[in-house]
Amino acid sequence: MKSGVDHIAPIMTAHRAGLLGCRSCGRVWPESESRCQRCGAALVPPDRRSLQKVWAWWFAGLIMYIPANVFPMMSTQSFAGLAGNTESTILEGVVELIHYGNYDIAIIVFVASVVVPMAKFVAIAWLAMVAGRPATHDQAHTRLHIYEVVEFIGRWSMIDVFVVAILSALVQLGFVASIHPGPAAVSFALSVAFTMLSAQSFDPRLIWRGLPLRSRTDTEGQG
Amino acid sequence: MNTPENPQLSYDMKTGEGLMACPRCDALHVEEELDPGETARCIRCGGVLAKPQGGAFVQLIALSFTSMILLMGAVFFPFLEISRMGFGNATSLFGVALAFADGILLPLVLAVLVMIVGLPVMRSFLIVYTLIPLAQGQAPYRHAATAFRWSEMMRPWSMAEIFVIGTAVALVKVAGLASVHLGPAFWAFCALILVNLASRGFMCQTTIWDAIEDAGLPTDGRELVQGRRA
């Protein structure tokens, strides 16, 4: 095995050995197999073509994120609309919480439904763009770390959807007050689900494909 | 776990037998039996490959049953009670589902219920189904591998702990509008978080996959040639 620019010796991977590792259970199979016979998961080679799936879910999530911010998340009706009928979008909801002095809760909502989704879009797009490109070991570790954070944190954006669901179920006090969910609740839930699917479709093995330098078989096997 | 250069362990670079690939970075490792309490990490990305623990299967079964019972309580008991000016309302999750049964938001409510109750119950059931025969040292039930794979696929979509945080936020938002009391279902969800954390600590996928394989699930005949482990 040739040693590359990187001084660390190349690590034997299933791909270099002409084998396929199961991403679900770790079992290794010959490249001709298409399904893991231990756990039944489909065997997928680490291939940049799988990034198309990541991008497809990413765009679906981004498209749903626009109505999620434009339309109201929920509408509050007090005294059958006499004392006011307020509709609030995600950002207006945060502003409202700050207005009432609930800074800590405002921060939770702001982070969960504005910062995390935005950061996730940027992080997934960046990971998908640099995947398979040559990188040093430190860069690869950073990328894997970012991937793990994105995978872990993505589901927490659902908080705002749950809040709307709880409030609209609970606050049904007839004449006094009632809360109804708005169209943004559905599109925000879909946006979060689509970005979760996008992150799940990303194959972290691609981060390491170019390490430390592509060997001859690697270059041949690239699609 | 060792790199394939270790000559003492038997593996086959042609068929992949006796090898394990890191699901995160594809680095090859030779499979080796670990003692309870040991942790195997990937030589390349440092991710945990296996972390078996003694008696983990029985603990996982017990925790799964606990989680199922807690979820039943969480569905049918009220989780928040609200009152203002004599108008009161107590909601159980079941009540929420019924209240929205004819609205256009039915899909949203169904999705929420599936994520916070349906999937956690399903996961607990699948884990129990997979592990009960393995804990007794018997051959796994039919489709145990599929059951366990599905339970792992459902993991990111079961969101009971996020729901609890959502309840806390909802409490603050509604506090100015009316007075709110927490019901028993809320505490069931809180207990569920602890149960899930404990369950995650005991869960080692690699060990369970090995157990399913070793307990005689037909794979590709290699085990038959070498003699099945009793």
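1. Helices (H or I, at least four residues) and strands (E, at least two) are DSSP runs, numbered from the N terminus. On that basis chain A has 7 helices and 5 strands. Read from the N terminus, the elements of chain A follow the order β-β-α-β-β-α-α-α-α-β-α-α. Chain B has 8 helices and 7 strands.

2. A note on the model and its conventions. This is a predicted model, in which local features need pLDDT of at least 70 and side-chain atom pairs count only at pLDDT 80 or more, while totals for chains, interfaces and linings use all residues. Residues are numbered from 1 along each chain as its sequence is written, and chains are lettered from A and ligands numbered from 1 in the order in which they are written.

3. Burial and contacts in each chain. A residue is buried if 20 or more other C-beta atoms lie within 10 Å of its own, exposed if 12 or fewer, and partly exposed in between, with C-beta atoms placed from the backbone. Buried residues are 47% of the 223 residues in chain A and 40% of the 230 residues in chain B. Two residues are in contact if their C-beta atoms, placed from the backbone, lie within 7 Å. In chain A, 66% of the contacts between residues at least 6 apart in sequence join residues at least 24 apart. In chain B, the share from residues 24 or more positions apart is 61% of the contacts with a separation of 6 or more.

4. A sheet in chain A. Two strands pair if DSSP finds at least two bridges between them. In chain A, 3 strands form an open sheet with antiparallel pairing, in the order β4-β3-β5. Strands β4 (85-88) and β5 (177-181) of chain A are at the edges with a single partner strand each, so one side of each has no neighbour in the sheet. From one strand to the next, the twist averages 15°. Strand β3 (residues 74-78) of chain A pairs with β5(A) over 5 bridges, in the antiparallel sense. Ser78(A) is opposite Ala177(A), a residue of β5(A).

5. A helix across that sheet. Helix α5 (residues 159-170) of chain A lies across β3 and β5 of chain A, and runs at about 140° to β5(A). Axes are lines fitted to C-alpha atoms, for helices over the stretch in contact, and angles run from 0 to 180 degrees between N-to-C directions.

6. The interface. Where the two chains touch, 54 residues come from chain A and 56 residues from chain B. On the side of chain B, the elements that each supply at least two residues include β1 (19-21), α3 (106-135) and α7 (205-214). Helix α5(B) gives the most to this side, with 10 residues. By class, the side of chain B that touches chain A holds 35 nonpolar, 11 polar and 10 charged residues. Here Ala, Val, Leu, Ile, Met, Phe, Trp, Tyr, Cys and Pro count as nonpolar, Asp, Glu, Lys and Arg as charged, and the others, Gly among them, as polar.

7. One residue that touches both chains. Leu144(A) is in helix α4 (residues 137-153) of chain A, and it counts as buried because it has 20 C-beta neighbours inside 10 Å. Not counting residues up to four places away in sequence, Leu144(A) touches Pro204(A), Ile207(A), Arg24(B) and Cys45(B).

8. The largest nonpolar core. A nonpolar core is a set of buried Ala, Val, Leu, Ile, Met, Phe, Trp, Tyr and Cys residues joined through C-beta atoms within 7 Å. The largest one has 128 residues, and those that touch the most other members include Val161(A), Phe162(A) and Ala74(B). Helix α3(B) gives the most to this core, with 12 residues. Leaving aside neighbours within four places in sequence, the contacts of Ala74(B) include Leu93(B), Val117(B) and Phe189(B).

9. Two residues to check. Most residues other than glycine have a negative phi. Asp26(B) has a positive phi, near 75°, and lies in the loop between β1 and β2 (28-30) of chain B. Asp26(B) counts as buried because it has 31 C-beta neighbours inside 10 Å. His143(B) also has a positive phi, near 60°, and lies in the loop between α3 and α4 of chain B. With 14 C-beta neighbours inside 10 Å, His143(B) counts as partly exposed.
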